[in-house]
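Me: I'm new to this one and would like a walk through it, one question at a time. Could you show me the structure before we start?

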Amino acid sequence: MKRIKKGDTVQVVAGKEKGKTGKVLKIMEKNNRLVVEKANMIKRHQKPTAKIQGGIVEKEGSLEATNVMPYCTKCKKGVRVTFNGDLVDGKKVRRCAKCGENIG
């Protein structure tokens, strides 16, 4: 998943959470899934342990990576990403395909 990295702001473009934006908290590259802040909230019944109090805990569930797009702050929507030949500190730069704004 070169187009999305941990810490990026993304917009959900499909499913019940369509239209929501949030920060990527975790990437599971093996399953092609990721966890987005405040999206796809699920409830888990947690047993009490020495560290954690028991009860019903609400947390973020994972989303399919194909259901999100990187969010461009200039365009104010989810956009496709291009990898132009520009190198910054020896690394390729991810840019918005529409306006050319740097992403991430």
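Me: Which backbone oxygen does the side chain of Arg 95 reach?
Reply: Keep in mind that this is a predicted model. Arg 95 is found in strand E10, residues 91-96, and at 17% relative accessibility it counts as buried. Its side chain comes to 3.2 Å from the oxygen in question, which belongs to Gly 100.

Me: In what order do the six strands of the open sheet come?
Reply: Let's start from the edges, where a strand pairs on one side only: those are E6 (62-64) and E8 (77-78). The pairing in this open sheet is antiparallel. Going across, the order is E6-E3-E2-E1-E7-E8.

Me: Zooming in on E1 and E2, which residue in E2 is the bridge partner of Thr 9?
Reply: Strand E1 covers residues 9-12 and strand E2 covers residues 21-28, and they pair in the antiparallel sense over three bridges. One of the bridges involves Thr 9, and its partner in E2 is Lys 23.

Me: Is Asp 8 buried or exposed?
Reply: Asp 8 is found in the segment before E1. Leaving out residues up to four places away in sequence, it touches several others, among them Gly 22, Val 24 and Gly 104. Buried means under 20% relative accessible area. Asp 8 has 7%, so it is buried.

Me: How many residues apart in sequence are the parts that Asp 8 and Arg 94 tie together?
Reply: Their side chains meet in a salt bridge, 2.6 Å from N to O. Arg 94 is buried too, with a relative accessible area of 8%. Asp 8 lies in the segment before E1 and Arg 94 in strand E10, so the parts tied together are apart in sequence by 86 residues.

Me: How many salt bridges does the structure hold?
Reply: Besides the pair of Asp 8 and Arg 94, Lys 20 meets Glu 17 at 2.7 Å, N to O. Lys 20 is partly exposed at 39% relative accessible area, whereas Glu 17 is buried at 12%. Glu 64 also forms a salt bridge with Arg 33, with the closest N and O atoms 3.3 Å apart, and this pair links strand E6 to strand E3 across 31 residues. The total is three.

Me: How many residues make up the largest nonpolar core?
Reply: Its members include Ile 4, Val 10, Leu 34, Ala 39 and Val 68. E1 and strand E3 (33-36) each supply at least two residues of this core. A second, separate core of five residues includes Cys 72, Val 81, Cys 96 and Ile 103. As for the largest core, the count is 10.

Me: Going back to Ala 39, which Leu is it in contact with?
Reply: Leave aside the neighbours within four places in sequence. What remains is Glu 17, Glu 60, Gly 61 and one Leu, namely Leu 63.

Technical notes: Residues are numbered from 1 along each chain as its sequence is written. This is a predicted model: local features need pLDDT of at least 70, side-chain atom pairs count only at pLDDT 80 or more; totals for chains, interfaces and linings use all residues. Side-chain values use heavy atoms; hydrogens and water are left out. Two strands pair if DSSP finds at least two bridges between them. Helices (H or I, at least four residues) and strands (E, at least two) are DSSP runs, numbered from the N terminus. Buried means under 20% relative accessible area, exposed over 50%, partly exposed in between (1.4 Å probe, protein chains only). Contact means heavy atoms within 4.5 Å. A polar contact is a pair of N or O atoms within 3.5 Å; within protein, one must be able to donate a hydrogen and the other to accept it, and residues adjacent in sequence count only if both atoms are side-chain atoms. A nonpolar core is a set of buried Ala, Val, Leu, Ile, Met, Phe, Trp, Tyr and Cys residues joined through side-chain atoms within 4.5 Å. A salt bridge is a side-chain nitrogen of Lys or Arg within 4 Å of a carboxyl oxygen of Asp or Glu.
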